[in-house]
Amino acid sequence: MNTNTSSLAGLIWSVADLLRGDFKQSQYGRIILPFTVLRRLECVLANSKDKVLAMVETSGSMPEEARNKLLLNAAGQSFYNTSKLDLSKLGETHILDNLDSYVRAFSADAREIFEYFSFDTSMAKLADADLLYKVVQKFAHFDLSPQAVDNYHMGLVFEDLIRRFAESSNETAGEHFTPRDIVRLTTSLVFSADDEALTRPGAIRTIYDPTAGTGGFLSCGMEYLHELNDQATLRTFGQELNPESYAICKADMLIKGQDISNLKLGNTLSNDQLRGNRFDYCLSNPPFGVDWKKVEKIVKDEHQQQGFDGRFGPGLPRVSDGSLLFLMHLISKMQAPTSETPGSRIGIILNGSPLFTGGAGSGESEIRRYILEQDLLDAIVALPTDMFYNTGIATYVWVLSNHKPSERKGKVLLINAADLHSPMRKSLGSKRKYLNDEALAKIVQLYSRYDRAELEASGIAKVFNTTDFGYRRITVERPLKLAFYPQDPERLAALQADKAWAKLDEDLQDAILTVLGNFRESKLLSRNTFKKQLTAWLGDIKLPAPAFKLLCKHLGEQDDDAEVCTSKGKPEPNPDLRDNENVPLNENIQDYFAREVLPHVPDAWIDEGKCDDKDGQMGIVGYEIPFNRHFYQYQPPRSLKEIDADLDAVSREIMGLLAEVHS
C-alpha cells in the first residue's frame, strides 16, 4: 500500500475518535466499514444519478426484471440507487429515517451488504448516542470518487480498514481474517508458475475461495496480479458461512468492480452454491480442527451415492476434523488441462493433522493416497508457530497442481520455513511472529526455481518421490504356544468364578474338576496333550468346545517353550501377539520382513490374506507425510560434567538465598 492510500485509510478510520466512549473498540469496524461502502457507492453513482432518477420516473409500471435491467444500464454499474438523497442531503431532524430510506433504495445485491452488516442496528445505536449526524457529515466530506481513488487503490484502502477492524478485535480476528503475510505467501506460491497470466496483456484468470472470510485471498490475488501485469483480469468467486464476513467480502469485491453475484453465503460443504464451476486458482484457509457433525448426513450421502462423481470420492476423514473435506472440495473445482485451459492450482492452509492422522485404510489415508497417486501434490511449506490471531499451533501451506512441469512430475517439495520468522513488535492475539519480505522471497524462490543444488544447499528444502510417502501395512502373526497349569489354585478359582462356567451343566463341572485333579504334572507344554488326556479321562462325557475354550482361557498361558498350537494342520496365531509393520511402498515385503522382523521373532509369519482393496496385493496401502521426521536433526545430550556443574551452581545459589533469609 502506498502512502496516499494508507493516509486515506487512516483518515477514514479517524472517525473512530467520534465513537470512542459510546462504542467498544471492537465495534468500530461495524460502523466504519459499511459507511465507507456507502460513501464509495454514492460517489461511483454520482455521474449517472440524474439519468437513473429520470428512468425511475418512466419505468414505474414495468415488470420488475425489465425495470432492474434498465436501471442497471442507466447507472452503468452492477448496482444502482433510486433515492434522490445522498449523505449530504439527509438533513438533521429526520436523519435516521432518511438514511434508512436511502440505503433501502439500493439494488438488491448492494442492499444485501448493508443487511448482513446489520447496518440498521448500527444506525439506531448512533442515533441513540446522538452521533449519527456527526458520522454522516464526516463521511459526506470524504472524496471517494473513482476520479480521486480508482478501484484498485480503493480496494487497498478498504483492505486496510478490514485489517484495522480485525486487529481491534483480537479474540475474533482469526474467524474471518487470515494474516496478510500468510495470504501473500500462499498467493505467491500459487501464482508463481503461471508465466502467461503474469506477462500476457489481456490474460483472464479466475480465483475461488470456498471459505472466503473477508476476502483476503481474493483481494491479494487481484493485487498480486495487478502488480505484475496490470493488463490481466482476475475474476473472483467465493462462498462464506459467516454473514458479517460475507458482507465485508462482498463490499470489498463491489468496490473493486467485481461481479458480486459470484459471491455466495452458506456452508460450502453442505451446499456448494457454485456447483459445476471450475477455476484457475483456488485458495483457502479453512477452520482448523473444526468438526463437521452438523453436515455429517449430507456429506456422507454425497460420498456414498456419488462417489468420485461427487466431491468426496476418495474417502471421509473423522468427523472431528473437516480440513480434508475442504481440500477435496477444492480438488473438485480444478479444471482439466487442455489446449484451451492450463489446468488449476490450489493453495490451502492446514494444521498438522492432515499430514499423518489415520492409519492405512482410514479415510484420511485414502484421501492422501488419492492426492499423491494422482500426482496432485506439488509442495508443502511448514510455517512458524504463533502465526495466526487465534491459535499458535504449527500450520502448513499445501500447494497442489494438475499440470506440473516435467521436472516436478511424481515429485513433492517440502520446505521447512518454521525458523524463518521475525518477532512482531506487538502481539495481536496469538500472533507473535510474521514472515518479512526477505523470508517470503526466500520461500518463493526455493519453490519456483526448483534448483536441486540450491534446494539441497538451503538446508530447509527437500524433494521426494510421491511414493516415498506410501507404505503397506502387513499383519505379522506369531504362533499360539500354550502351557497349561491344571492344578493351580488361583487359576482354578478364577475358572469357577467365570460367568461362563456357571452356564455349564453341573455334572460336567464336577467331572472337569475331578479330571483336572488327576493330572500329575503341574505344567504341560502342549495343548494337544492336555486335551487328549482330558478327553480320555472324561470318557463318555462329551467336552463341548466352549468349555474347552474356557479351560484354555484360565488354565493356559503363552509360553515360548510350549508346543505350537495348530488348527487344521497350520500354526494357530496368538491374537495377543499380533502386530503390524509398515513396509515402504518401494521395498519388497519379503526382503523387509527377513531383515526387520525375523531376526527378532524367527517364528513369525505374514498374514497373506490381508490384501489391499484397490490393487489386491498383500498389505493395506497407506500414505502419510511425516514432515518433521524428514527435517529432524539430532542434538546430542549435554555431558554429565556440564549438567553436574549447572546443578552445583543452582545449589550454591539456593544456599545463598537461604542464608540471606536466616540472617
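In this predicted model, residues 24 or more positions apart account for 77% of the contacts (heavy atoms within 4.5 Å) with a separation of 6 or more. Local features need pLDDT of at least 70, side-chain atom pairs count only at pLDDT 80 or more, and totals for chains, interfaces and linings use all residues. Numbering runs from 1 along each chain as its sequence is written, and side-chain values use heavy atoms, leaving out hydrogens and water.

The protein holds 29 helices and 19 strands, taken as DSSP runs numbered from the N terminus (helices: H or I, at least four residues; strands: E, at least two). Its radius of gyration is 35 Å, well over the 26 Å that the globule rule gives for 663 residues, so the protein is more spread out than a compact globule; the radius is taken over C-alpha atoms, and the rule is 2.2 Å times the number of residues to the power 0.38. The C-alpha trace spans about 115 × 85 × 55 Å along its principal axes. Of the 663 residues, 49% count as buried, meaning under 20% relative accessible area, with exposed over 50% and partly exposed in between (1.4 Å probe, protein chains only).

R39 sits in helix α3 (residues 28-45) and is buried, with a relative accessible area of 14%. Beyond its neighbours within four places in sequence, R39 touches L87, F139, A140, F142 and L144. A polar atom of the R39 side chain lies 3.2 Å from the backbone oxygen of F139.

Turning to I654, this residue belongs to helix α29 (residues 640-662) and is partly exposed, at 44% relative accessible area.

Notes
A polar contact is a pair of N or O atoms within 3.5 Å; within protein, one must be able to donate a hydrogen and the other to accept it, and residues adjacent in sequence count only if both atoms are side-chain atoms.
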